[in-house]
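Trainee: I would like to learn how to read a structure feature by feature. Could we go through one together?

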Amino acid sequence: MRKNEQLRNIGWMLLGSILLACSYYHINFQNHLAEGGFVGLALIGKYTFDWSPALTVLLLDIPVFIAAWFFKGRTFIMNTAIATGVFSLTYELCERFSPFVFDFGSNLLLAAIVSGVLTGLGAGIVLRFGGATGGDDIAALFISRMTKLSVGTVFILIDVAVLLVSMFYLPLMDTLYTILAVSVAGKVITWTVQAGTARRPVKVTSKVPQVPAVRHQHG
């Protein structure tokens with residue numbers, strides 16, 4: 001891959017990671033939407049066994065990253081490390097210094113739709129240009145490749161499954177609105193990855209979606 005193309009891809013992945021982190025903090029966190037993916041599993045561990053969420057996410061990420069190293073290569077892992085690092089840093093900066101509050105009040109329907117669009121776009125951009133924002137993204141790519149389902153559809157299935165299990169400690173309405181958010185995000189991820197390509201299912205190859213040849217936030 002030419003250097004200019006690499007820099008362009010990294011630039012887009014940085015943009016996607018920043019958008020994803022800002023959306024998770026300003027929309028999901030500030031409006032009490034729940035989390036799917038590995039973060040959602042970590043919260044289940046916290047409420048059920050009092051496990052540290054940070055440790056649980058790390059333990060879930062490690063085997064997935066090892067598998068990705070062998071099956072998808074060093075470039076993909078490096079891209080993912082960059083995207084994950086920028087996501088974490090941006091979220092931390094938002095949490096500490098952001099003066100913006102996007103409180104949708106009782107209109108959680110709007111919050112869920114906005115969250116789905118923005119997090120789906122952020123995650124989709126990162127996936128489109130050859131990276132991922134965490135272990136659950138990589139797992140979705142593996143499952144997509146094995147099942148021939150679109151990446152966005154796999155994201156939806158994983159997140160909904162985690163959220164349904166989470167219902168034993170989460171308020172019902174918060175969970176349902178979060179399921180709506182991740183469903184919208186999954187569709188937006190698919191559209192973002194496929195935009196400008198021929199109309200056919202997304203196929204994840206050993207070089208992970210690069211177009212022309214996904215976010216999230218965080219869950």
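Trainee: Let me start with one side chain: is Lys 46 buried, partly exposed or exposed?

Mentor: Keep in mind that this is a predicted model. For burial, look at the relative accessible area: under 20% is buried, over 50% is exposed, and partly exposed lies in between. Lys 46 has a relative accessible area of 36%, so this residue is partly exposed.

Trainee: Which residue does the side chain of Lys 46 meet in a salt bridge?

Mentor: The general idea is to look for a side-chain nitrogen of Lys or Arg within 4 Å of a carboxyl oxygen of Asp or Glu. Lys 46 meets Asp 50 in this way, with 3.0 Å from N to O. Asp 50 is exposed, at a relative accessible area of 56%.

Trainee: How many salt bridges does the count come to?

Mentor: The count is 2 salt bridges.

Trainee: How are Arg 96 and Glu 92 placed along helix H4?

Mentor: They are 4 residues apart in helix H4, which covers residues 74-97, so about one helical turn separates them. Arg 96 has a relative accessible area of 59% and is therefore exposed. Glu 92, at 33%, is partly exposed.

Trainee: What about the secondary structure: how many helices and how many strands does the protein chain have?

Mentor: The protein chain has 8 helices and 0 strands. Read from the N terminus, the order of elements is α-α-α-α-α-α-α-α.

Trainee: How can I check the length of a helix, for example H7?

Mentor: Compare an expected span with the distance between the end C-alpha atoms. Helix H7 runs over residues 151-166, and at 1.5 Å a residue its 16 residues should span 22 Å. The end C-alpha atoms are 23 Å apart, which agrees.

Trainee: Which residues of H7 are buried, and what covers them?

Mentor: The buried residues of H7 include Val 151, Gly 152, Phe 155, Ile 156, Leu 163 and Ser 166. Asp 159 is also one of the buried residues. To find the cover, look for residues in contact with the buried ones. Here the cover includes helix H2 (37-49), helix H5 (108-128), helix H6 (135-147) and helix H8 (172-194).

Trainee: How many disulfides does the search of the whole structure find?

Mentor: The search finds 0 disulfides. Cys 22 is in none, and the nearest cysteine sulfur, that of Cys 94, is 3.7 Å away. A disulfide needs the two sulfur atoms within 2.5 Å, so 3.7 Å is too far for a bond between Cys 94 and Cys 22. Cys 94 is buried at 8% relative accessible area, while Cys 22 is partly exposed at 25%.

Trainee: And for the whole protein chain, what share of the residues counts as buried?

Mentor: Of its 219 residues, 48% count as buried. The chain exposes about 11200 Å², and carbon and sulfur atoms supply 69% of that area.

Technical notes. Residues are numbered from 1 along each chain as its sequence is written. This is a predicted model: local features need pLDDT of at least 70, side-chain atom pairs count only at pLDDT 80 or more; totals for chains, interfaces and linings use all residues. Side-chain values use heavy atoms; hydrogens and water are left out. Buried means under 20% relative accessible area, exposed over 50%, partly exposed in between (1.4 Å probe, protein chains only). Helices (H or I, at least four residues) and strands (E, at least two) are DSSP runs, numbered from the N terminus. The expected span of a helix is 1.5 Å times one less than its number of residues. Contact means heavy atoms within 4.5 Å. Accessible areas come from the Shrake-Rupley method with a 1.4 Å probe; for residues, only the protein chains shown count as cover.
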